[in-house]
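Here's a quick tour for someone meeting this structure for the first time. Have a look at it, then read on.

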Amino acid sequence: MKVQKLQPVKGTKDILLDESELFLHVVNIAREAAKIYGYHEAYLPIFEFTEVFKRTLGETSDVVNKEMYTFEDKGGRSLTLRPEFTAGIVRSLISNNLWDKFPLKLFSAGPVFRYENPQKGRYRQFNQINLENIGTRSPMIDAEMVALAKEILDRLELPNITLELNSLGDIDSRKKYSTALVNYLTKYKKDLSEDSQTRLIKNPLRILDSKNISDQKILEEAPALKNYLTKDSLKFFEELLVHLDALGIKYFINDKIVRGLDYYTDTVFEFVTKELGTQGAVIAGGRYDGLFKIMGGIDTPAVGFAGGIERLMALYKGKVETRKPVTLLVLDRKFTMNGLELAQKLRKENIQTVIDESKDVGKSLKKALGNNSKFIIFLGEDEVSQGKVKLKNLDTREEKLMSESQLIGELK
């Protein structure tokens, strides 16, 4: 019987070799940017009780309705692989009773899981950078979050990305707007998609996020949310725009942005591109002041954003600088212990070292070049008898015979 070749599960991707170097480059760029803004790293479980996400993301959201990976464990408990970071971050702060630590800035990176159609830069298991600023309600903080997202994109030198902004307003704003939107959409109920007909009853604002072409056409004449903002929400948004203008950050106001999750309030924003198809958001987020209270904690203001690492990788055009290892070639196995000892001395000096055993110098040179080595060290009968090693520069082809101390000095 022929054994079937193993394949990755649809919507997953192996990240290896050069791609893994690029992956780490993107994460490290984001991490370093977060550090200069005062962020701490947070490491969380990749699965939570299902209720953590159902209660917070909104039962009418696509994530909860169609995309969550949910399963029962051996104890019959319903668990879900995280579809996003924010709900888990909030749960962790409540669980660990960290109220006295606010305001708090947290950076995370890792896998998230959504059952959706795979496309360029989008998978069913994908990775995100995630940043949360918790404990302060101020347009200045929102402006800083936008500036930090832009800082990451600028450091990656990604082209053709624009910033789109909107305000969802506070609870009173959304109540008034929801009434006006329902009155408008009820006239077109039969023409709405099946999902939007359900949302018209349960959560009409979610219809603004519909990707259905017929829904989008109907929404063209819908009331504008900005006309229903309370004075406080309008003032908050206007102050945010003043801050962004002062920082020289260009933006477009897009009153159709509502984001795909129910916990957002006031500011929402997306950095978008046309280079990744219809799903153009590269980094996106917003304010979620009511989420802590929904999850049973103390009412706490917060704002955050996330970015898909694979999407950032797909847009990256630059080179990734990698350290070039030194190859140590042991020409005779009786000198293997000498080679191992020398390799460890080099590594303790922070010199990246790859050790090889072979009498075939040509084959080993080819392998060293394939490993991107700049130098190869030869260790054989002649070298050991003299208490020295031979160092060859693979760029210039120059060879030198030297002591171990001279070798370390040369390589450092």
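This is a predicted model: local features need pLDDT of at least 70, side-chain atom pairs count only at pLDDT 80 or more; totals for chains, interfaces and linings use all residues.

Residues are numbered from 1 along each chain as its sequence is written, and side-chain values use heavy atoms, with hydrogens and water left out.

Eight strands make up an open sheet with mixed pairing, in the order 1-5-6-11-10-9-7-8. At the edges sit strand 1 (40–41) and strand 8 (252–253), each pairing on one side only. Strands here are DSSP runs (E, at least two residues), helices are too (H or I, at least four), and both are numbered from the N terminus; two strands pair if DSSP finds at least two bridges between them. Strand 9 (residues 265–272) and strand 10 (residues 281–287) run antiparallel, joined by six bridges. Within that pairing, Phe 269 faces Gly 285 in strand 10.

Now for the helices that pack on the sheet:

| Helix | Strands touched | Direction angle |
|---|---|---|
| Helix 1 (residues 17–36) | strand 1, strand 5 (104–113), strand 6 (125–134) | about 160 degrees with strand 5 |
| Helix 9 (residues 231–247) | strand 7 (162–167), strand 8, strand 9, strand 10 | about 160 degrees with strand 7 |

Angles run from 0 to 180 degrees between N-to-C directions, using lines fitted to C-alpha atoms, for helices over the stretch in contact. Contact means heavy atoms within 4.5 Å.

Is Leu 365 buried or exposed? Leu 365 counts as buried because its relative accessible area is 15%, and the cut-off for buried is under 20% (exposed is over 50%, partly exposed in between; 1.4 Å probe, protein chains only). Setting aside neighbours within four places in sequence, Leu 365 contacts Ile 376, Phe 378, Lys 392 and Leu 394.
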